[in-house]
Amino acid sequence: MALFAGVRAACLYGRALVRFHQRRYQEAVRLLEKVCQLDPHHERNDLYHAYLGRSYLALGQHADALKHLSHAYDSFCKRSHLLREDGEKREFAEFLTAFSSVLGQVGQRDRAQEVKHKVEEFLAR
């Protein structure tokens with residue numbers, strides 16, 4: 001049963017990414033929520049939550065965006081030094097930028113500046 005759930009989650013994740021990049025954020029949210037339920041312990045769970053948070057941010061749902069982006073933050077940062085491909089690096093910078101934005105929008109300006117500085121450091125490497 002777990003194998004089937006993992007395969008189903010991977011398929012849904014692919015569909016969710018397509019919706020996200022098409023700016024069909026409500027559909028992306030629906031799919032990503034299912035992915036997180038089906039495969040909550042996947043090694044890339046942080047990426048699921050990062051896209052889910054960015055989708056909620058695009059919809060203006062800041063509390064949900066903050067919840068999911070915060071969930072992804074620590075594990076995403078811990079493996080940032082492993083990112084080698086330009087696409088992975090861009091994805092990480094976009095995630096940090098979204099996290100900084102939502103922090104600012106919910107009034108956590110100091111933390112937003114801290115994360116924004118992390119983006120600048122990362123891009124300067």
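Me: In this predicted model, a polar contact is a pair of N or O atoms within 3.5 Å. Which backbone oxygen lies 2.9 Å from a polar atom of the side chain of serine 80?

Reply: Serine 80 sits in the loop between helix H4 (62–78) and helix H5 (86–105). A polar atom of its side chain lies 2.9 Å from a backbone oxygen, and that oxygen belongs to cysteine 77.

Me: Is serine 80 buried or exposed?

Reply: Buried means under 20% relative accessible area. Serine 80 has 8% relative accessibility, so it counts as buried.

Me: Which residues does serine 80 touch, not counting residues up to four places away in sequence?

Reply: Contact means heavy atoms within 4.5 Å. With residues up to four places away in sequence left out, serine 80 touches Phe92, Phe122 and Arg125.

Me: How many charged residues are in the lining of the largest cavity?

Reply: A search of the whole structure finds one cavity of 30 Å³ or more, and the largest cavity has a volume of about 30 Å³. Its lining consists of Arg44, Phe76, Arg79, Leu83, Glu88 and Glu91. By class, two lining residues are nonpolar and none is polar, while the number of charged residues is four.

Me: What distance does helix H2 reach from its first C-alpha to its last?

Reply: Helix H2 covers residues 25–38, which is 14 residues. At 1.5 Å a residue, the expected reach is 20 Å. The reach in the model is close to that, at 20 Å.

Me: Which residues of H2 are buried?

Reply: The cut-off for buried is under 20% relative accessible area. In H2 the buried residues are Tyr25, Ala28, Val29, Leu31, Leu32, Val35 and Cys36.

Notes: Residues numbered from 1 in each chain as written. Predicted model: local features only at pLDDT ≥ 70, side-chain atom pairs only at ≥ 80, totals over all residues. Heavy atoms only, no water. Helix = DSSP H or I, 4+ residues; strand = E, 2+ residues; numbered from the N terminus. Expected span 1.5 Å × (residues − 1). Buried < 20%, exposed > 50% of the residue type's maximum accessible area, 1.4 Å probe, protein only. Polar contact = N/O pair within 3.5 Å; in protein donor to acceptor, adjacent residues only side chain to side chain. 1 Å grid on protein atoms, 1.4 Å probe; cavity = no way out; pocket = protein on both sides within 12 Å on 5 of 7 lines; lining within 4 Å. Points joined across faces, edges and corners; volume = space filled by probe spheres on them. Nonpolar A, V, L, I, M, F, W, Y, C, P; charged D, E, K, R; others polar.
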